[in-house]
Amino acid sequence: MQDIHEILKKYWKYDSFRKQQEDIIRNVLSGKDTLALLPTGGGKSICFQVPAMAMDGLCLVISPLVALMKDQVEHLHAIGIEAYALYSGMSKREVDRIVDNCSFGSGKFLYVSPERLETPVFKERLKKMRISLIAVDEAHCISQWGYDFRPPYLRIAAIRSLFPDVPVIALTATATEKVCADICAKLEFTDHTIYRSSFARDNITFIVRENEDKEGKLLEILRKTQGSGIVYVRNRRNTREIADFLNRHHIPADYYHAGLDQLLRHKKQENWIQNKVRIMVCTNAFGMGIDKPDVRVVVHLQLPESLEALYQEAGRAGRDGKRSYAALLYHALDVRQLFKQPEIQFPEPAFIKNVYRQLGNYFQLAIGAGAGETFDFDIGDFCVRFSLRPLETQHALRILEQDDHIYISDALNRSSTIYIPVDKETLYRYQIENKSMDPLIKMLLRLLPGIFDQHMSFREKELAFHLAVSDERVLEMLHFLDTQGIVEYAPVSHKPKLTFLHPRADDAALSLNIQRLDILRKAHIERLEAVKQYVTNDGSCRMQNLLAYFNEVSEPCGNCDICLEKNKLGLSDAEYKKIYQWLEGQISTGKYTPETLLRDTLPARKEKVLEVISFLADNGRILNTKDNILKWEK
């Protein structure tokens with residue numbers, strides 16, 4: 001077994017591990033199951049990649065996101081480690097070649113989605129692989145109490161019977177005590193260790209502002225802070241609108257969402273990473289796997305659906321340890337709209353069944369047909385054709401996925417790939433005998449030096465440019481070479497793919513787990529309540545509030561907006577709470593003007609009470625009505 005410090009230095013160029021990383025790695029190498037809770041930017045991937053490099057055999061990595069898989073595989077290739085990823089949309093030949101490579105000893109890491117583990121063919125071929133470690137990334141997805149529950153994660157434990165002596169490491173950045181217990185139970189941990197790194201981020205100042213003019217406040221924040229930043233919004237249209245708004249006000253910005261072409265997304269991301277663009281306005285599709293250390297500010301322009309999401313996205317600021325800011329802007333209407341989400345995200349069973357019925361009609365499947373069949377799926381066209389509400393339809397499809405009726409891949413993340421399966425001597429003979437194909441083959445060899453070893457991503461347009469021919473001619477030549485067996489060419493797919501996991505059922509036979517839906521709905525509402533409490537809290541420290549949600553006890557941080565304001569007041573935490581509770585009791589139960597309130601027996605000196613009243617008024621907790629009566633805003 002190789003020394004883990006030598007491995008760290010050789011491949012990652014680090015002289016030492018971060019806090020807890022070495023303990024986690026040694027626990028894995030001892031053969032014990034491990035749950036590692038490390039905050040965003042805490043170096044989770046090192047915790048399974050280093051021990052996998054120290055062990056003989058292949059590390060099977062289970063991850064829910066294609067983009068994250070691809071990012072990690074590309075990074076491993078860049079540091080000289082052989083790794084592969086399997087995801088929906090790949091050609092059968094491409095999948096076969098990767099599985100063969102992993103079965104016969106080539107490669108140290110194989111990334112797969114949890115859905116892939118459920119296919120009988122893959123499970124059979126998995127038995128032939130020499131698996132040394134199983135890593136479950138984003139492990140909170142296994143828990144029904146988690147904010148991103150995915151049912152296929154529940155069946156990961158089934159593969160443990162194939163490799164009874166192989167340890168499992170589960171990793172996540174965000175999990176409550178309840179979710180941690182669920183992860184350990186669902187993965188069938190017995191002799192295991194849980195490692196928790198503190199969720200505290202001392203260098204991030206958390207700020208919440210209630211403001212009707214959120215765009216104006218955003219400008220103020222970005223003008224006051226220097227350096228790179230991220231602005232999170234809830235929908236794709238807003239990304240472009242806010243980016244345009246910032247550019248009009250001379251703040252260089254771009255926008256990003258999952259609906260953009262992959263090459264365009266990559267270009268935008270690189271421009272931002274290289275600081276050619278200061279601010280990226282985006283949906284939550286942006287940020288996963290991006291390790292940009294110098295992000296100085298993250299702003300949420302709408303309320304997130306959970307504190308897990310808020311913490312994870314805010315945690316992309318200040319990874320270099322320098323002072324950074326995480327701001328959340330909202331107004332009262334945002335809170336009301338937040339609690340309308342459960343109605344949209346958990347539609348009525350009749351609506352879900354109608355969506356399923358129309359899927360069968362859309363793909364022209366008869367009752368009892370379609371099991372295992374995969375189709376390109378245009379959700380926009382589907383909704384228009386059957387007059388379905390897009391948002392509710394999207395969530396109905398998610399529920400049908402969770403109940404194992406269908407699977408929808410995010411194949412839009414793919415690019416075209418090509419591979420040369422023949423040896424160099426055969427290829428040379430082919431070039432001599434087929435002069436018209438020779439320029440294209442030579443260009444492929446020049447642009448893609450690894451084309452004999454694995455399927456390489458490439459752009460047909462770039463190929464056409466170098467050959468000075470039309471895009472159509474390049475496509476024609478590539479398809480011809482593919483039919484000749486000289487290349488394996490898989491064109492890009494810009495549409496997700498929908499797979500029917502079982503024969504199409506009629507409405508009466510379609511089973512929906514109503515009890516599970518009710519559990520998920522209640523858990524969702526609990527998370528929304530936690531978000532509401534965070535933004536409209538009783539004046540307690542923001543970081544303390546966040547840490548308490550993750551079952552961590554802490555002292556006030558001294559850095560958040562609440563702590564900084566209270567420091568200005570010259571009040572201790574105990575004094576502030578005492579005055580706050582007194583004010584809440586008085587104003588909520590009686591009709592007071594500022595003058596009559598101060599005539600009562602006060603819990604502290606009048607000056608201190610006035611300062612707290614002023615602070616709460618500035619933060620929207622105390623309102624003054626037209627007849628000068630104080631009102632407590634809940």
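**Figure 1. Salt bridges in the predicted model.** The structure holds 33 salt bridges, a salt bridge being a side-chain nitrogen of Lys or Arg within 4 Å of a carboxyl oxygen of Asp or Glu. This is a predicted model, in which local features need pLDDT of at least 70, side-chain atom pairs count only at pLDDT 80 or more, and totals for chains, interfaces and linings use all residues. Residues are numbered from 1 along each chain as its sequence is written, and side-chain values use heavy atoms, with hydrogens and water left out. The protein chain carries 85 positive and 85 negative side chains, and the centres of the two sets lie 2 Å apart. Lys and Arg count as positive and Asp and Glu as negative, while His and the chain ends are not counted; the place of a charge is taken as NZ of Lys, CZ of Arg, CG of Asp or CD of Glu.

**Figure 2. The salt bridge between Arg209 and Asp561.** The closest N and O atoms of Arg209 and Asp561 are 3.1 Å apart. The pair links distant parts of the chain, 352 residues apart: Arg209 is in strand 8 (residues 204–210) and Asp561 is in helix 23 (residues 561–569). Helices (H or I, at least four residues) and strands (E, at least two) are DSSP runs, numbered from the N terminus. Arg209 is partly exposed at 25% relative accessibility, whereas Asp561 is buried, with a relative accessible area of 5%. Buried means under 20% relative accessible area, exposed over 50%, and partly exposed in between (1.4 Å probe, protein chains only).

Figure 3. Glu241 is partly exposed, with a relative accessible area of 39%; Arg237 is exposed, at 54%.

**Figure 4. The salt bridge between Asp518 and Lys522 in helix 21.** The closest N and O atoms of Asp518 and Lys522 are 3.3 Å apart. Because they are four residues apart in helix 21 (residues 514–535), about one helical turn separates them. Asp518 is partly exposed, with a relative accessible area of 36%.

**Figure 5. Phe550 and its contacts.** Phe550 is in the loop between helix 22 (542–549) and helix 23. The residue is buried, with a relative accessible area of 5%. Leaving aside neighbours within four places in sequence, Phe550 is in contact with Thr174, Ala175, Thr176, Phe199, Leu307, Glu308 and Tyr311; contact means heavy atoms within 4.5 Å. Val384 is 166 residues from Phe550 along the chain, and the C-alpha atoms of these two residues are separated by 42 Å.

**Figure 6. The surroundings of helix 11.** Eight of the eight residues of helix 11 (residues 307–314) are buried, so the helix is largely enclosed by the rest of the structure. The buried residues are Leu307, Glu308, Ala309, Leu310, Tyr311, Gln312, Glu313 and Ala314. They pack against strand 8, strand 9 (228–232), strand 12 (295–300), strand 13 (324–330), helix 21 and helix 22. Among these residues, Leu307, Glu308 and Tyr311 are in contact with Phe550.

Figure 7. His250 has a phi of about 65° although it is not a glycine. This residue is in the loop between helix 9 and strand 10 (253–256), and at 71% relative accessibility it counts as exposed. Ala468, also not a glycine, has a positive phi of about 60°. The loop that holds Ala468 runs between helix 19 (460–467) and helix 20 (471–483). Ala468 is exposed, with a relative accessible area of 69%.

**Figure 8. The protein chain as the setting for the close-up views.** The secondary structure comes to 26 helices and 21 strands. The radius of gyration is 28 Å, close to the 26 Å that the globule rule gives for 634 residues, so the chain is as compact as a globular protein of that length. The radius is taken over C-alpha atoms, and the globule rule is 2.2 Å times the number of residues to the power 0.38. Along its principal axes the C-alpha trace spans about 100 × 60 × 55 Å. Of the 634 residues, 53% count as buried.
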